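Please walk me through this structure, one part at a time.

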Amino acid sequence: MSFIGQAEVTIDKKSRLAVPAKFRSVLEAKHLGPGWISLPRGDKLLWLFPEAGFEKLSDGWDDSLIQDEDTEELQQALYSFSERLEMDATGRVTLPKEHLELTGLDGEVVVIGAKNHLEIHDRAAWTARDKERLAKMRSLMCG
């Protein structure tokens with residue numbers, strides 16, 4: 001599954017985000033269902049994983065009764081901040097208010113494809129860094 005591209009959308013006053021059609025079509029084509037996992041990733045950044053994709057990644061994580069402290073802390077943060085979301089008939093998801101408060105996202109955003117998940121970025125911050133990201137991509141690709 002690959003989510004690619006970007007789309008400008010708005011988080012409405014009821015904390016709803018319309019998942020862009022080009023990303024919904026990937027869900028449908030890959031039979032990934034209408035569920036999403038929402039995970040705050042940082043300042044002005046929220047991740048949306050298709051529920052089936054999140055489960056696959058989660059199942060690949062080795063279970064153990066004895067974990068190192070870093071793994072335990074990561075799992076606590078990852079799973080406690082994750083929330084299941086359902087997409088309504090019109091393709092919208094209601095984002096958790098806590099996630100919006102933690103990330104500071106509100107209003108105009110950009111939803112970008114990031115291979116196996118979507119990222120929601122503040123639109124102004126995202127577009128302000130376009131040239132920087134392009135230059136960095138060139139250096140990363142060329143070594």
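A polar atom in the side chain of Ser82 lies 2.5 Å from the backbone oxygen of Leu78. This is a polar contact, meaning a pair of N or O atoms within 3.5 Å; within protein, one must be able to donate a hydrogen and the other to accept it, and residues adjacent in sequence count only if both atoms are side-chain atoms. The model is predicted, so local features need pLDDT of at least 70 and side-chain atom pairs count only at pLDDT 80 or more, while totals for chains, interfaces and linings use all residues. Residues are numbered from 1 along each chain as its sequence is written, and side-chain values use heavy atoms, with hydrogens and water left out.

Where does Ser82 sit? Ser82 belongs to the loop between helix H3 (69-81) and E5. Helices (H or I, at least four residues) and strands (E, at least two) are DSSP runs, numbered from the N terminus. Ser82 is buried, because its relative accessible area is 12%. Buried means under 20% relative accessible area, exposed over 50%, and partly exposed in between, with a 1.4 Å probe and protein chains only. Leaving aside residues up to four places away in sequence, Ser82 touches Ile37, Ser38, Leu39 and Phe54. Such contact means heavy atoms within 4.5 Å.

Now take H3 itself. Asp68 caps the N-terminal end of H3. A side-chain oxygen of Asp68 lies 3.0 Å from the backbone nitrogen of Asp70. The end C-alpha atoms of H3 are 18 Å apart, which agrees with the 18 Å that its 13 residues should span at 1.5 Å a residue. The expected span of a helix is 1.5 Å times one less than its number of residues.

H6 also has 13 residues. From its first C-alpha to its last, H6 reaches 19 Å, close to the 18 Å expected at 1.5 Å a residue. How many of the 13 residues of H6 are buried? The number is zero, so H6 lies largely in the open. Leu134 is part of this helix, which covers residues 130-142. Leu134 is partly exposed, at a relative accessible area of 39%. Together, Leu134, Met137 and Met141 make a nonpolar surface patch of about 320 Å². Patches are made of residues with over 30% relative accessible area and no salt bridge: like charges are joined within 9 Å, nonpolar side chains (Val, Leu, Ile, Met, Phe, Trp, Tyr) within 5 Å. Accessible areas come from the Shrake-Rupley method with a 1.4 Å probe; for residues, only the protein chains shown count as cover. An α-helix has 3.6 residues a turn, so residues three or four places apart point the same way.

Next come the charged pairs. The structure holds seven salt bridges. A salt bridge is a side-chain nitrogen of Lys or Arg within 4 Å of a carboxyl oxygen of Asp or Glu. One of them joins the side chains of Glu8 and Arg123, at 3.6 Å from N to O. Glu8 lies in strand E1 (residues 6-11) and Arg123 in helix H5 (residues 123-128), so this pair ties together parts that are 115 residues apart in sequence. Glu8 is exposed, with a relative accessible area of 53%. Arg123 counts as buried, at 17% relative accessibility.

Arg123 also meets Glu108 in a salt bridge, 3.8 Å from N to O. Glu108 lies in strand E7 (residues 107-114) and Arg123 in helix H5, so the pair ties together parts that are 15 residues apart in sequence. Through shared partners, salt bridges join Glu8, Glu108 and Arg123 into one network.

Another salt bridge pairs Glu51 with Arg84, where the closest N and O atoms are 2.5 Å apart. Here too, distant parts of the chain are linked: Glu51 is in helix H2 (residues 51-59) and Arg84 in strand E5 (residues 83-86), 33 residues apart. Arg84 counts as exposed, at 55% relative accessibility.

Two loop residues deserve a look at the backbone. Ser15 has a phi near 65°, a positive value in a residue other than glycine. Ser15 is found in the loop between E1 and strand E2 (16-18), and counts as buried at 7% relative accessibility. Lys115 has a positive phi of about 65°, although it is not a glycine. Lys115 sits in the loop between E7 and strand E8 (117-122), and is exposed, with a relative accessible area of 59%.
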